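Visitor: Could you take me on a close look at one part of this model, and show me how it ties in with its surroundings? I would enjoy one connected walk through it.

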Amino acid sequence: MKRRLFATVGVIAVLALSACGGTDGEDTASGTPSTSASAPMASASPSMMMSGQFGSGCAAVPTDPSNPESFEAMAKVPVATAASGNPLLSTLVTAVKKANLVDSLNGAQGVTVFAPTNDAFAKIPKADLDKVLADDAMLKKILTYHVVPTQLSPDTLAGTHKTLQGDDVTVTGGGSSFTVNGTSMVVCGNVSTANATVYIVDSVLMPRS
């Protein structure tokens with residue numbers, strides 16, 4: 001009778017240990033991970049988590065990390081330097097240099113820059129653009145209107161934001177579609193540099209004052 005009792009207790013103990021091992025996420029006998037709630041996290045790609053650029057214009061950015069125009073390369077250098085490596089922003093870079101803002105932009109920390117493409121500057125009549133480029137005070141006012149002194153993620157981009165120039169910019173939209181001041185579309189957004197988040201836009205923004 002005692003032998004039967006001991007045998008029954010032994011079977012119950014083995015079953016109990018097996019059940020406990022099954023809730024650990026690993027089978028104690030084989031060492032093979034069991035199905036658990038943590039499995040979906042293992043399938044997440046680090047590159048997908050780190051990446052966040054959006055917009056049709058992003059397709060033109062090289063994918064080779066060694067290319068100075070790539071997102072990876074731009075993330076390692078300050079914003080004015082990053083822009084100088086991008087041929088889509090060569091007119092902006094010329095304007096920034098003309099206004100003596102390279103050091104100011106590179107030295108700023110945690111800013112947001114709305115960067116007009118060359119095509120955005122091309123929308124301005126040449127005579128007007130030449131006039132602005134020849135007027136350092138006006139040029140500086142326009143360029144600083146493209147800079148917000150806080151770093152805006154896509155989740156906080158929509159809204160009204162004070163610029164370094166002093167006037168506000170208003171961003172509408174959400175997800176992967178944003179418009180600045182009702183007319184300028186973000187064509188490639190959430191681009192990281194060493195000190196800024198950049199949203200490349202298809203029209204030059206003009207301050208009210």
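Guide: Gladly! Let us begin with a term: a salt bridge is a side-chain nitrogen of Lys or Arg within 4 Å of a carboxyl oxygen of Asp or Glu. Please keep in mind that this is a predicted model, where local features need pLDDT of at least 70, side-chain atom pairs count only at pLDDT 80 or more, and totals for chains, interfaces and linings use all residues. Residues are numbered from 1 along each chain as its sequence is written, and side-chain values use heavy atoms, with hydrogens and water left out.

Our part is helix α10, which covers residues 136-144; helices (H or I, at least four residues) and strands (E, at least two) are DSSP runs, numbered from the N terminus. At the start of α10, the backbone nitrogen of A137 has a side-chain oxygen of D135 within 3.2 Å. This is a polar contact, that is, a pair of N or O atoms within 3.5 Å; within protein, one must be able to donate a hydrogen and the other to accept it, and residues adjacent in sequence count only if both atoms are side-chain atoms.

D136 has a partner too: its side chain meets that of K98 in a salt bridge, at 2.6 Å from N to O. This pair links distant parts of the chain, since K98 belongs to helix α6 and D136 to helix α10, 38 residues apart. For accessibility, buried means under 20% relative accessible area, exposed over 50%, and partly exposed in between (1.4 Å probe, protein chains only). D136 is partly exposed at 38%, and K98 is partly exposed at 37%.

Elsewhere in α10, the buried residues are L139, I142, L143 and T144. They pack against α6 (90-98), α9 (126-134) and β2 (147-148), where contact means heavy atoms within 4.5 Å.

Two of these neighbours deserve a visit. Because K126 and D130 are four residues apart in α9, about one helical turn separates them. An α-helix has 3.6 residues a turn, so residues three or four places apart point the same way. K126 is exposed at 61% relative accessibility, whereas D130 is partly exposed at 36%.

The partner of β2 is β1, and two bridges join them in the antiparallel sense. Here V147 of β2 stands opposite V113.

Strand β1 (residues 111-116) is mostly covered, with six of its six residues buried. In a regular strand the side chains alternate between the two faces of the sheet. Both faces of β1 are covered: one side carries V111, V113 and A115, the other T112, F114 and P116. β1 also pairs with β7 (residues 196-201), in the parallel sense and over six bridges, and F114 stands opposite Y199 there.

How values were computed. Two strands pair if DSSP finds at least two bridges between them.
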